[in-house]
Amino acid sequence: MKIRIESLPGTKRERTRDQLLVSAQELLLDHNAAALGIRQVTTHAGLVHASFYNYYPDVAALIGDLGELLGATHTAAVAGLGEGSDDPAVRFARITRQTLRIVAQQPAFGRLMFDVGLPIDRLGGELRLRLQLDIEEGASRGIFDVADIDIAVSIVSGANS
């Protein structure tokens, strides 16, 4: 389903930018980020090709904004999951389960976040930082036995420091 620019809130400039983001998101459900082109996005959005440059210098900038938008969406979805528990293991488990639940219940979101080549550094960085803080707290409280926090975070998150 195509979203019409007029149905989006905000100024005309904001609506046009949002339409570019929506079009890129819809196109990425069938293609990967490397295959996305300016003409393809603007045609899908119902815009003139040259109007793209009023908002983005290139497709990489559009994809960067879309990656940030999806990261912010995830952050909002897990906000508050650590509240109400002073156990860092419980907080980590809640955030991990919610992330997996989002991907399972909304496969399109999961595909956009992990399969099409969007930059997910922000999401990964936020999850890694939250994990590190929880491991540090757990270690300081004697809940976890950790010799090296950085190695523990890397092992649990599956990423390099």
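Read from one end of the sequence to the other, this protein runs α-α-α-α-α-α-α. That gives 7 helices and 0 strands, in what is a predicted model. Here is a quick tour, from the whole chain down to one helix and one surface patch.

**The chain as a whole**
- The protein has 161 residues, and 34% of them count as buried.
- If you take the contacts between residues at least 6 apart in sequence, 54% join residues at least 24 apart.

**Helix α3, from start to finish**
- Helix α3 covers residues 59–78, 20 residues in total, and spans 29 Å from first C-alpha to last, close to the expected 28 Å.
- Where α3 starts, D58 places a side-chain oxygen within 3.3 Å of the backbone nitrogen of A60.
- The buried residues of α3 include the glycines G67 and G71 as well as H74. Also buried in this helix are V59, L62, I63, L66, L70 and V78.
- After α3 comes G80, which has a positive phi near 85°.

**A nonpolar patch on the surface**
- Four side chains to look for are F92, I151, I155 and V156, which form a nonpolar surface patch with about 380 Å² of accessible area together.
- Helix α7 (residues 149–157) contributes the largest share of this patch, 3 residues.
- V156 sits in helix α7.

Technical notes: Residues numbered from 1 in each chain as written. Predicted model: local features only at pLDDT ≥ 70, side-chain atom pairs only at ≥ 80, totals over all residues. Heavy atoms only, no water. Helix = DSSP H or I, 4+ residues; strand = E, 2+ residues; numbered from the N terminus. Buried < 20%, exposed > 50% of the residue type's maximum accessible area, 1.4 Å probe, protein only. Contact = heavy atoms within 4.5 Å. Expected span 1.5 Å × (residues − 1). Polar contact = N/O pair within 3.5 Å; in protein donor to acceptor, adjacent residues only side chain to side chain. Patch = residues over 30% accessible without salt bridge, like charges linked within 9 Å, V, L, I, M, F, W, Y side chains within 5 Å. Areas by Shrake-Rupley, 256 points an atom, 1.4 Å probe, with all protein chains shown as cover.
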